[in-house]
Amino acid sequence: MSDPATPLNGAHYAGYVTIAEAAPRGMITLRGDLGDKGFAKVVKAVTGLALPGQREFAAKGDFAVAWMSPDELLVLCTYDRANAVVADLTAQLGDLHSLAVNVSDARALIEITGDDAREVLAKLAPVDLSPGAFGPGQIRRSRLAQVPAAFWMTDTGFQLVCFRSVADYVFEALSTVAQPGSRVGALV
Amino acid sequence: MLILRCPYCGVSGEETEFHAGGEAHLKRFGPGSSDAEFEAYLFQRENPKGVHFERWRHVNGCGKWFHAARCTATLEVFGTYPAQSTEPPADLRKAISAKRPGWKWREFS
């Protein structure tokens, strides 16, 4: 199998934080009734993770599950296994009204690492990113400059997903606000 | 700047994260209705100074539609409630009455 062509071709920018495209990751949109016990059971069986609560993000091993809306989850897995995971989910969900789709190549995954990652993201998103308001284990879908994006925290900063078609715009916007000498220092 | 709370994902966000969808609680008049009814459905809108009910969509978030009650004069948001409601919930109407005694909007007060 040929290597996946990522939206940003592994772009990297070192400002006062580092903006870099993440390694290819399997991303699956899973829609269904999150209140249904059978649905939660299948998610647990396939990913090993319990159904996340409102705006929660959970990761374990190769898998991560994020709450996107009252009827939508984002399931992350390894890039190579995405189609197998979709098939597994679809088979196990059976007749339950639901939909699993591999969207790995429809999204861009970007990493923001550094002590001031919160500040760089806060320059573009209308979100309270102070440590008391947003922390690990949470996901936030919002606006990043002019386009929609979703982000969550990692050990070293943030990961964010946006649509592939706007990946370059998002990367450039983040790089611009991360330029050396542009640190505000208001958000610690 | 309006600060709206999405009733589906619980996010309190500023208005650029949302998109306005016009007046709330319209009754659709389609085929079989009179010309006057259809015209009213299509064109006639409230334009109040004060309490107003609108539809909004959390376009940069969960993507869901919901209803919002706000004041057009002060931009105060009284509350939001799910799109599946056919009329403003009683507790929200009570809360508005406490702040704007005697308010009236279409058949609601």
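User: How much area do chain A and chain B bury between them?

Analyst: Keep in mind that this is a predicted model. The size of an interface is often given as the accessible area lost when the parts come together. Of the area that chain A and chain B bury here, 46% is on carbon and sulfur atoms. The total comes to about 1,000 Å².

User: Which residues in chain A lose the most area to chain B?

Analyst: Chain A brings 14 residues to the contact, and chain B brings 13. On chain A's side, three arginines together make up 36% of what that side buries. They're Arg140(A), Arg141(A) and Arg143(A).

User: Which residue of chain B forms a salt bridge with Arg140(A)?

Analyst: Three salt bridges turn up across the interface of chain A and chain B. In the one with Arg140(A), the closest N and O atoms are 2.7 Å apart. A salt bridge needs a carboxyl oxygen of Asp or Glu, and here the partner is Glu17(B).

User: Which strand gives the largest share of the side of chain A that touches chain B?

Analyst: Two strands of chain A, E5 (63-69) and E9 (139-144), each supply at least two residues of that side. The largest share is four residues. Those four come from E9(A).

User: At what angle do helices H1 and H2 of chain A pack?

Analyst: H1 covers residues 37-47 and H2 covers residues 82-93, with their axes 10 Å apart. Among the residues that meet are Phe39(A) in H1(A) and Leu89(A) in H2(A). The crossing is right-handed, and the angle is about 145 degrees.

How values were computed:
Residues numbered from 1 in each chain as written. Chains lettered and ligands numbered in written order. Predicted model: local features only at pLDDT ≥ 70, side-chain atom pairs only at ≥ 80, totals over all residues. Heavy atoms only, no water. Axes fitted to C-alpha atoms, helices over the stretch in contact; angles between N-to-C directions. Left-handed = near helix turned anticlockwise from the far one by under 90°. Contact = heavy atoms within 4.5 Å. Buried area = accessible area lost by both parts, 1.4 Å probe. Salt bridge = Lys/Arg side-chain N within 4 Å of Asp/Glu carboxyl O.
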